[in-house]
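Thanks for coming, everyone. Let me put the structure up, and then we go through its side chains.

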Amino acid sequence: MTGIPNRKPETGAFFPRDRNRHPPALTPGYKTSVLRSPQKALLSLDGTLSEITGPVFGHSLLGELDNDLIHNFAKPGESAIGERIIVHGRVLDERGRPVPGALLEFWQANAGGRYRHRKESYLAALDPNFGGCGRAITDDDGAYAFRTIKPGPYPWPNGVNDWRPAHIHFSVFGHGFAQRLITQMYFEGDPMIWKCPIVMTIPDHAAVEQLIAPLDWANTIPMDARAYRFDIVLRGRRSTLFENRLEGN
Amino acid sequence: MTQPLGYLKETPSQTAGPYVHIGLTPNHSGIDGVYPGDLGAAMVNDRTLGRRITVTGCVLDGTGTPLKDALVEIWQADAEGLYNSPSELRGTADPNFTGWGRCACDGATGAFRFETIKPGRVPFKDGRMMAPHVNFWIVARGINLGLNTRMYFGDEAAANAEDPVLMRIEHRLRVQTLIAAVDGSSYRFDIHLQGESETVFFDI
């Protein structure tokens, strides 16, 4: 783990999380949440050093194909089957500042909606040239990009006939452990989005729209791949100018 | 009219789902050859300073059944109480200790396990010392937003008694849910998502 170039370390506490925009723990339409949701109130804790610090990963972590899911599991000379796309965007904080050095990890099903996982039993076939994982670290502008194929929708045992919309899972590290976030990206125009019990765990319509990546025609590469743009916003943090902190600054 | 504040909104969370291992511990889940190893699998090396310890436990649902598809991450200070983070301004943490670990719960038993070191004490915001603790973050199918908690050590009774965070827990019976049982250099920390012995979770 290394420092972040061209950036003064920040030691302010994070803005409180707006829990009205996040899904609550108990969302009975998503059945598994019923027994996995705390019933007691959370204990509020304004950021101590344990929350405002967090691991940061250097670019040296990355292999050449880490952000190319079309090729990072494929046999030499072969590639994954499906709609070739580029997913790109920026990681910003709530103040609108770029978050450089943020580690993003992605995972997804293949073009037919099948995950490469031993507990997955969907009858759609595996693609021998597709693993389904990738990662990237944002540059000084907070920008990231990866290549993949567009995942397919897949059925899941929740309601009798529930299907997930096409989606890519994102795991994000900012600079503090309190910024840790996992979410899912959906695709513009997918009619499955508004039928999905997992999407609908989010109570706020505008918050759901924040997870839907628009087709980015300007960045589509002719004769190669279409592009989708997905920006991610992490928690902002207070300035340290007037922090009543005895240690550290 | 006033000036707009202009802040952006945090991207909303979604569950990590049952296949979180594909993205976060691909080697563990049988996807070999993409990354050389799983991130967060090793926190220490032979030069790491401090007392070696093992932290194990399970994440249990409202019926007491261990989750077999949860993923747990921990974040802690080094033996001197310093975090290996650019936001750590009090000194330089042990370069041979990452401070961060990640473990997929076992698919058969639900157990997680970390080989780490006992952390030093870290100051609270007003300068009082917090008791040694390990920060936990838990995600899984059925958990819509990652859960934050802390593990404290059963052999640190004096420090725990003066810990500014533990002292804020109104229902004193619940303090015990954050204190790991000791067996030599092994600590056992079970996380109860729901029910009578529900673990204290934090809005951090």
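**Charges over rings**

The charged end of A:Arg180 sits over the ring of A:Phe173, 3.6 Å from the ring centre. The rule here: NZ of Lys or CZ of Arg within 6 Å of the ring centre and within 35 degrees of the ring normal. In chain B, B:Lys118 lies over the face of B:Phe153, at 5.1 Å from the ring centre.

Some ground rules. This is a predicted model: local features need pLDDT of at least 70, side-chain atom pairs count only at pLDDT 80 or more, and totals for chains, interfaces and linings use all residues. Residues are numbered from 1 along each chain as its sequence is written, chains are lettered from A and ligands numbered from 1 in the order in which they are written, and side-chain values use heavy atoms, with hydrogens and water left out.

**The cores**

Which residues touch the most other members of the largest nonpolar core? They are A:Val87, A:Phe106, A:Tyr144, A:Phe170 and A:Phe230, out of 91 residues. A nonpolar core means buried Ala, Val, Leu, Ile, Met, Phe, Trp, Tyr and Cys residues joined through side-chain atoms within 4.5 Å. Buried is under 20% relative accessible area, exposed is over 50%, and partly exposed is in between, with a 1.4 Å probe and protein chains only. Strand 9 of chain A, residues 181-187, gives the largest share of this core, five residues. Strands are DSSP runs of E, at least two residues; helices are runs of H or I, at least four; both are numbered from the N terminus. Another core lies apart from it, with 28 residues, including B:Val55 and B:Phe136.

Take A:Phe170. Leaving aside neighbours within four places in sequence, its contacts (heavy atoms within 4.5 Å) include A:Val87, A:Trp107, A:Leu181 and A:Ile232.

**Ring pairs**

The count is 22 aromatic pairs over all chains. Rings of Phe, Tyr and Trp (its six-membered ring) pair if their centres lie within 6.5 Å; planes under 30 degrees apart are stacked, over 60 edge-to-face, the rest tilted. A:Phe187 and A:Tyr228 have ring centres 4.9 Å apart and planes at 90°, so the pair is edge-to-face. A:Phe187 is in strand 9 of chain A and A:Tyr228 in strand 11 (residues 226-229), so the pair ties together parts 41 residues apart in sequence. Both A:Phe187 and A:Tyr228 are buried. Ring pairs also link A:Phe106, A:Tyr144, A:Phe146, A:Phe170 and A:Phe230 into a cluster.

**Between the chains**

Now the interface. 99 residues of chain A are in contact with 83 residues of chain B. The buried area is about 8,000 Å², and carbon and sulfur atoms give 58% of it. That area is the accessible area (1.4 Å probe) that two parts lose on being put together, summed over both.

How many salt bridges run between chain A and chain B? Eight. Each needs a side-chain nitrogen of Lys or Arg within 4 Å of a carboxyl oxygen of Asp or Glu. One of them joins A:Arg19 and B:Asp203, at 2.9 Å, N to O. A:Glu51 forms another with B:Arg150, the closest N and O atoms being 2.9 Å apart. A:Glu51 lies in helix 1 (residues 49-52) of chain A and B:Arg150 in strand 6 (residues 147-153) of chain B, so the pair joins two chains. A:Glu51 and B:Arg150 are both buried.

Last one: a network of salt bridges links A:Glu10, A:Asp93, A:Arg95 and A:Arg97.
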